[in-house]
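Good morning, colleagues. Please look at the sequence and the structure on the screen while I guide you through them.

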Amino acid sequence: MLHHAASFFFMNRNEFLKKLGFKGAALMALYCSGGCEHHLPPVYDIDFTIDLTNSEYASLKIKGGFVVVNYVVIVYTTDGKFAAATVYCSHQYLPGIEYDYSRNIYSCSEHGAEFDLSGKGLNDRGKNGLKIYQTSLKGNTLRVYG
Ligand code: FES
């Protein structure tokens, strides 16, 4: 009995809630009970490369496709260029940013913020803009940085 009490005492909150059966959305809802804004810090300074021959990135061979790598949305735009932005939306810092190929913009699946490819907000929820990264292509290696 003492052993159980001690292990609960040393568990962090995440482990404790998971042990109680909370996970996924339910776990997030508990974390958000005091207000969700800023609960995940945006990741800003990055510099990494991906190998476009890797099947994980097959979506980037199709115009309009995108993948999320290291919290960055990497897009092969409908006009055949690479683009990249943080996955964290500036509305409430939720990781909801996707590429909307039908409009060639970024949109957030959480509450509908919209941004153009330069990161400029296109509606009220997008008014704080979106962090954009640079891309450069050398052979099959795409560098994402900024
Ligand atoms: S987090 Fe609210 S619109 Fe993206």
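I begin with two terms: helices (H or I, at least four residues) and strands (E, at least two) are DSSP runs, numbered from the N terminus, and two strands pair if DSSP finds at least two bridges between them. The model before you is predicted, so local features need pLDDT of at least 70, side-chain atom pairs count only at pLDDT 80 or more, and totals for chains, interfaces and linings use all residues. Residues are numbered from 1 along each chain as its sequence is written.

Let me turn to the overall layout. The chain holds three helices and nine strands, and from the N terminus on its elements run α-α-α-β-β-β-β-β-β-β-β-β. A residue is called buried if 20 or more other C-beta atoms lie within 10 Å of its own, exposed if 12 or fewer, and partly exposed in between, with C-beta atoms placed from the backbone. By that rule, 21% of the 146 residues of the chain count as buried. Two residues are in contact if their C-beta atoms, placed from the backbone, lie within 7 Å. Among contacts with a separation of 6 or more, 38% are accounted for by residues 24 or more positions apart.

Where, then, does strand E4 stand in this picture, enclosed or open? Four of the five residues of E4, which spans residues 82–86, are buried, so the strand is largely enclosed by the rest of the structure. Strand E3 (residues 72–76) runs antiparallel to E4, and five bridges join the two. Within this pair, valine 73 stands opposite alanine 85 of E4. The hairpin of E3 and E4 has five residues between the strands, and glycine 80 there takes a positive phi near 80 degrees. E4 also pairs with strand E8 (residues 132–138), in the antiparallel sense and over two bridges. Here alanine 84 stands opposite tyrosine 133 in E8.

Next comes an open sheet of three strands, in the order E5-E6-E7 and with antiparallel pairing. Its edge strands, E5 (97–100) and E7 (114–115), each pair on one side only. Four bridges join E5 to the antiparallel strand E6 (residues 105–108), and aspartate 100 is placed opposite isoleucine 105 in E6.

I now move to the loops. Most residues other than glycine have a negative phi. Tyrosine 71, although not a glycine, has a positive phi of about 65 degrees; its place is in the loop between E2 and E3. Tyrosine 71 counts as partly exposed because it has 15 C-beta neighbours inside 10 Å. Tyrosine 93 likewise is not a glycine, yet has a positive phi of about 55 degrees, and lies in the loop between E4 and E5.

Proline 95 is also found in the loop between E4 and E5.

Finally, consider glycine 64, in the loop between strand E1 (47–51) and strand E2 (65–69). Glycine 64 is partly exposed, with 16 other C-beta atoms within 10 Å. Leaving aside neighbours within four places in sequence, glycine 64 is in contact with Thr78 and Tyr101. Its C-alpha atom is separated by 8.2 Å from that of aspartate 79, 15 residues apart along the chain.
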